[in-house]
Amino acid sequence: MSIRHGLLALLEHGPRYGSRLRTEFEARTGGTWPLNIGQVYTTLGRLERDGMVAQDGQDEAGRALYALTQAGRDELRAWFAAPVERASPPRDELAIKLALAVGAPGVDVRAVVEAQRRHVADALHEYVRQRAQALSRTPEHPDEVARLLVLEQLICHAEAEIRWLDHCEARLLRLITVTRPRPED
């Protein structure tokens, strides 16, 4: 998700100032994507330049309010209607790390896999705990539902990463067995 579209989605609810947008963005994403306030104002400046938002006066504290324009509404509708592109998957640091560890002298790739597995299992445990806490009460606000969806996505990703690490370990064990020289008879 781009910050740009996230801010447009939040502005659809009415004019907002930058720090409120930041707070609402983090609440909707369950705190999993913290924003720097500078990112918010830089993005708002670009959105204003592109005609997607316009300044709409100030609040009682003198903070500039930003409102969605029709072009911003059109952009937001197009973003919601379009699927998230999967043609160029994001760079995955773990996949790159393991690929480079395989050929690195003195690196025990299985130890790298195991360290990552423990780390992800700990994160998974925390996500499941947070989800149980969130489900212990009926969500009464869209932010609570949004947080629950983000937590469930994090759980699914952690589970998938653990399965992939298990697969990597099994593949490494098979390859080590195949590539080991046989003792001479």
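Leaving aside neighbours within four places in sequence, Val-40 is in contact with Leu-7, Gly-18, Leu-21, Arg-22 and Leu-35. Contact here means heavy atoms within 4.5 Å. The structure is a predicted model, in which local features need pLDDT of at least 70, side-chain atom pairs count only at pLDDT 80 or more, and totals for chains, interfaces and linings use all residues. Residues are numbered from 1 along each chain as its sequence is written, and side-chain values use heavy atoms, with hydrogens and water left out. Val-40 is placed in helix H3. Helices (H or I, at least four residues) and strands (E, at least two) are DSSP runs, numbered from the N terminus. Val-40 is buried, at a relative accessible area of 0%. Buried means under 20% relative accessible area, exposed means over 50%, and partly exposed lies in between (1.4 Å probe, protein chains only). Val-40 and Phe-25 are 15 residues apart in sequence. Their C-alpha atoms are 9.8 Å apart in space.

Helix H1 was examined next. H1 spans residues 3-11. Of its 9 residues, 8 are buried, so H1 is largely enclosed by the rest of the structure. The buried residues are Ile-3, His-5, Gly-6, Leu-7, Leu-8, Ala-9, Leu-10 and Leu-11. Their cover includes H2, H3, E1, strand E2 (64-68) and H4.

Two helix pairs involving H1 are described here. H1 and H2 pack at an angle of about 105°, and their axes are 10 Å apart. Axes are lines fitted to C-alpha atoms, for helices over the stretch in contact, and angles run from 0 to 180 degrees between N-to-C directions. H1 and H2 are therefore roughly perpendicular to each other. Angles under 35 degrees count as roughly parallel, over 145 as roughly antiparallel, 65 to 115 as roughly perpendicular and the rest as oblique. On the H1 side, Gly-6, Leu-7, Leu-10 and Leu-11 take part. They meet Leu-21, Glu-24, Phe-25 and Arg-28 in H2. By class, this contact has 5 nonpolar, 1 polar and 2 charged residues. Ala, Val, Leu, Ile, Met, Phe, Trp, Tyr, Cys and Pro count as nonpolar, Asp, Glu, Lys and Arg as charged, and the others, Gly among them, as polar.

H1 also packs with helix H4 (residues 70-81), at an angle of about 115° and with the axes 10 Å apart. That angle makes H1 roughly perpendicular to H4. The crossing of H1 and H4 is left-handed. A crossing is left-handed if the near helix is turned anticlockwise from the far one by less than a right angle, and right-handed if clockwise. Arg-4, His-5, Leu-8 and Ala-9 in H1 meet Gly-72, Glu-75, Leu-76, Trp-79 and Phe-80 in H4. The contact of H1 with H4 has 5 nonpolar, 2 polar and 2 charged residues.

Salt bridges were then counted. A salt bridge is a side-chain nitrogen of Lys or Arg within 4 Å of a carboxyl oxygen of Asp or Glu. By this rule the count comes to 12 salt bridges. One of them joins Asp-50 to Arg-4, with the closest N and O atoms 3.2 Å apart. This pair links distant parts of the chain, 46 residues apart. Asp-50 lies in the loop between helix H3 (37-49) and strand E1 (53-58), and Arg-4 lies in helix H1. Asp-50 is partly exposed, at 34% relative accessibility. Arg-4 is also partly exposed, at 23%.

A salt bridge also forms between the side chains of Arg-77 and Glu-12 (2.0 Å, N to O). This pair again links distant parts of the chain, 65 residues apart. Arg-77 is in helix H4, and Glu-12 is in the loop between H1 and helix H2 (18-28). Arg-77 is partly exposed, with a relative accessible area of 45%. Glu-12 is partly exposed too, at 31%.

Within helix H6 (residues 109-135), Arg-117 and Glu-114 are 3 residues apart, so about one helical turn separates them. Their side chains meet in a salt bridge (2.3 Å, N to O). Arg-117 is buried, with a relative accessible area of 13%, whereas Glu-114 is partly exposed, at 27%. A network of salt bridges links Glu-114, Arg-117, Arg-118, Asp-166 and Glu-169.

Glu-93 lies in helix H5 (residues 93-103). Glu-93 is exposed, with a relative accessible area of 66%. The C-alpha atoms of Glu-93 and Val-113 are separated by 13 Å. Along the chain, these residues are 20 residues apart.
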